[in-house]
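Here's a quick briefing to read with the model open in your viewer.

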Amino acid sequence: MSDPRPEFCFSDSPSMEDIRRLQSRFAAERDWNQFHQPRNLLLALVGEVGELAELFQWRGEVSEGLPDWTPSQKESLRHELSDVLIYLLELAEKCHVDLPRAVLTKMELNAKKYPVDRVQGSAKKYTEYGEEEQASSGGPQQGPG
């Protein structure tokens with residue numbers, strides 16, 4: 001039986017590059033680039049991830065779509081996720097990482113580490129698959145990649 005919920009998708013605009021430009025302009029207009037160096041941006045990002053985590057703290061498992069959350073709680077979530085994304089994009093900019101391209105490369109690497117026929121339905125880390133095969137066959141085996 002298929003899932004009756006429609007698949008979620010992001011809007012086409014703004015792009016990551018659009019957001020990067022908006023934030024770059026925002027910081028430059030306020031003369032904040034003197035403070036927005038990689039280390040400071042990373043620490044700010046970690047702080048925002050902490051604020052995001054607080055929204056989920058003590059809730060137990062949360063259903064997709066957050067059906068039990070109030071509009072105010074969902075608004076807080078949108079704000080914190082936005083803060084995380086803004087700092088992440090600004091950190092990537094300051095480190096000269098083309099994040100969209102890096103994501104594609106990382107996804108290709110993940111596909112090699114986690115081939116569908118080997119990991120489907122499992123939450124194990126890729127390093128555990130070699131260990132499992134060694135235990136069942138009685139000897140070392142070459143893992144992917």
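Trp 32 is partly exposed, at a relative accessible area of 33%; on this scale buried is under 20%, exposed is over 50% and partly exposed falls in between, using a 1.4 Å probe and protein chains only. You'll find Trp 32 in the loop between helix H1 (16-29) and helix H2 (38-56).

A word on ground rules: this is a predicted model, where local features need pLDDT of at least 70 and side-chain atom pairs count only at pLDDT 80 or more, while totals for chains, interfaces and linings use all residues. Residues are numbered from 1 along each chain as its sequence is written, and side-chain values use heavy atoms, with hydrogens and water left out.

**Overall fold**

- The protein has 6 helices and 0 strands, where helices (H or I, at least four residues) and strands (E, at least two) are DSSP runs numbered from the N terminus.
- Going along the sequence, the pattern reads α-α-α-α-α-α.
- Of the 145 residues in the protein, 15% are buried.

**The surface patch**

**The largest pocket**

- Rolling a probe the size of a water molecule over the atoms shows where empty space is left.
- The largest pocket holds about 710 Å³ of space; volume here is the space filled by probe spheres set on grid points, which are joined across faces, edges and corners.
- A pocket is an open set of points on a 1 Å grid over the protein atoms alone, where a 1.4 Å probe fits and protein lies on both sides within 12 Å along at least five of seven lines; lining residues have an atom within 4 Å of a point.
- There are 22 lining residues in the largest pocket, and Phe 8, Phe 10, Ser 11, Arg 78 and Leu 81 sit nearest its centre.
- H1 and helix H3 (71-94) each give at least two residues to that lining, and H3 has the largest share, with 6 residues.
- By type, the lining splits into 10 nonpolar, 5 polar and 7 charged residues; Ala, Val, Leu, Ile, Met, Phe, Trp, Tyr, Cys and Pro count as nonpolar, Asp, Glu, Lys and Arg as charged, and the others, Gly among them, as polar.

**Salt bridges**

- The whole structure has 7 salt bridges, each being a side-chain nitrogen of Lys or Arg within 4 Å of a carboxyl oxygen of Asp or Glu.
- Asp 18 pairs with Arg 21, with the closest N and O atoms 3.7 Å apart; both belong to helix H1 and are 3 residues apart, about one turn of the helix.
- Asp 18 is partly exposed at 27% relative accessibility, and Arg 21 is partly exposed at 43%.
- Glu 93 and Arg 20 form a salt bridge at 2.7 Å, N to O, and this pair links distant parts of the chain, with Glu 93 in helix H3 and Arg 20 in helix H1, 73 residues apart.
- Arg 20 is partly exposed, with a relative accessible area of 24%.
- Glu 17, Asp 18, Arg 20, Arg 21 and Glu 93 are tied into a network of salt bridges.
- Asp 98 and Arg 101 make a salt bridge too, with their closest N and O atoms 3.6 Å apart; Asp 98 is partly exposed at 43%, whereas Arg 101 is exposed at 58%.

- Most residues other than glycine have a negative phi, and most peptide bonds are trans.
- The peptide bond from Ser 13 to Pro 14 is cis, with omega near 5°, and Pro 14 is in the segment before H1.
- Asp 31 has a positive phi, near 55°, and lies in the loop between H1 and H2.
- Trp 58 isn't a glycine either, yet its phi is positive at about 70°; this residue is in the loop between H2 and H3 and is exposed at 80% relative accessibility.
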